[in-house]
Amino acid sequence: MDINKKTFYTITFGEFISNVGDRFQKIAFPILIYQEFHSSFAMGGMVIIELLPQFLLGFLMGYLLDNFNKKKILLWSTLIPALLCSVIPILSKYSVSIFFYYVIAFLIPLFSTLFQTGFSVITPALFEKEELQKYNSQFQGVRTISKLISPALAGVLMLKFNINSIFFINSTSFLLLFLSILISYIPDQEHKENDNDDIKEIFVGFKENFTNIKLRISLLFTIVVNIAMLGFNATIIFYLQDQLKLSNSLVGIVYSIAGFGSLIAVTFLSTFLNKKDAFILMNISMATIPLVIMASGMVENWIFFGICYSILSGLITIASVSITTIQQQESTVYNIGKILSSSFVIATIFAPFGGILAAYFNWLLNPRLSLVILGLLSSLLVILIKSYEKKLTKKRTAIFVKED
């Protein structure tokens, strides 16, 4: 195995262990907050705090990754969360203010986001452009497997040990990821000639995303899929429990079915579809996603919904991997971090509209019709984006013809 593949698989294995531990904590942390404070406001505050890093760090993340040593950034982005996780049980022992939990709830997602983007930035330095889709899908597959096995393992651990042990387990998982990065070879970053690290470079990613046609279309599709999925996720529990009257165990089964859909998708992406054009795969998945959302609300049956949810999870995975691959392929080496992070920020800003729309239609009509309308609106947005793409392509072709 060559050194680049060794680096990829070593860090991917470390990420698998860390992601399992992190998902343990995602279950344990809200439980701890509830036990400590018994307040819905405390719980709501945690949700808001955990979202803030996505807005605040996004503007600086790309600049940091493009201008400073990537390996050191990855190391710090795993070591600091390891220390923070180990502090949580100590805070619990001394019954401290909610403020200290909020600080940790803010910092851990901040560094996790930095690691995820950093790994996407170094992947193109390890492989050729035509190989990126294969390895991006493998990385996504590992994350999907961790998502499938974590809830059951977390439940067993919390039965066998006290809740504080979960935080120590997550701390250990971060340390294992830290060690996997430490022993791995990560190529030195390539800088732009005469680059003076001007802080104004922070906005280059935004400019690139709107200059390059493929990056622009990918960004617009990212916005649509984020809006659609946030609206869909905001409707799932209301639909399954309020309208279909499912028990908690059946709801869990529906979520499990969805996870297998994502796993099947990454298997196909890393094998049969790994040589396919990422832009074509993105277009196909984005054209189909709204139709599946629409279909999920047309038949009032939980098995049918579970099948639709599974297909949707697979399509979302294909779209996500394809978009990341396009961004990596179309970015310059010294701007890739800024392009990835600016896209992340823009898509995150628009995502809450999905939840707002879902809440409104759930209140005005019912969850079934809300899913149908959400699918129709998403389909309309996809059609408009494709129309816009054709217009841009014609305009660019006309310019080239005129220059010739």
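## A tour by selection

S95 counts as exposed because its relative accessibility is 54%, and the cut-off for exposed is over 50%. The model on screen is predicted. With S95 still selected, look at the backbone: phi is near 50°, a positive value in a residue other than glycine. The residue lies in the loop between α4 (70-93) and α5.

**Next, select K245.** This residue sits in the loop between α9 (213-243) and α10 (248-270). K245 is not a glycine, yet its phi is positive, at about 60°. Is K245 buried or exposed? With a relative accessibility of 61%, K245 counts as exposed.

**Now select α1, residues 3-37**. The helix has 35 residues. From its first C-alpha to its last it reaches 49 Å, close to the 51 Å expected at 1.5 Å a residue. Just after α1 comes H38, which takes a positive phi of about 50°.

**Then turn to the second largest pocket.** Its volume is about 370 Å³. To find the pocket, select P124, A125, L126, F127 and V333, which are the closest to its centre of the 24 residues that line it. Two elements each give two or more residues to this lining: α1 (3-37), already visited, and α5 (98-126). Which of the elements gives the largest share of the lining? That is α5, with 5 residues. Colouring the lining of this pocket by class shows 11 nonpolar, 5 polar and 8 charged residues.

**Last, select S322.** This serine is found in helix α12, which covers residues 302-330. Its relative accessibility is 0%, so S322 counts as buried; the cut-off for buried is under 20%.

To compare two stops, select S95 and S322 together: S95 counts as exposed at 54% relative accessibility, whereas S322 counts as buried at 0%.

Methods:
Residues numbered from 1 in each chain as written. Predicted model: local features only at pLDDT ≥ 70, side-chain atom pairs only at ≥ 80, totals over all residues. Heavy atoms only, no water. Helix = DSSP H or I, 4+ residues; strand = E, 2+ residues; numbered from the N terminus. Buried < 20%, exposed > 50% of the residue type's maximum accessible area, 1.4 Å probe, protein only. 1 Å grid on protein atoms, 1.4 Å probe; cavity = no way out; pocket = protein on both sides within 12 Å on 5 of 7 lines; lining within 4 Å. Points joined across faces, edges and corners; volume = space filled by probe spheres on them. Nonpolar A, V, L, I, M, F, W, Y, C, P; charged D, E, K, R; others polar. Expected span 1.5 Å × (residues − 1).
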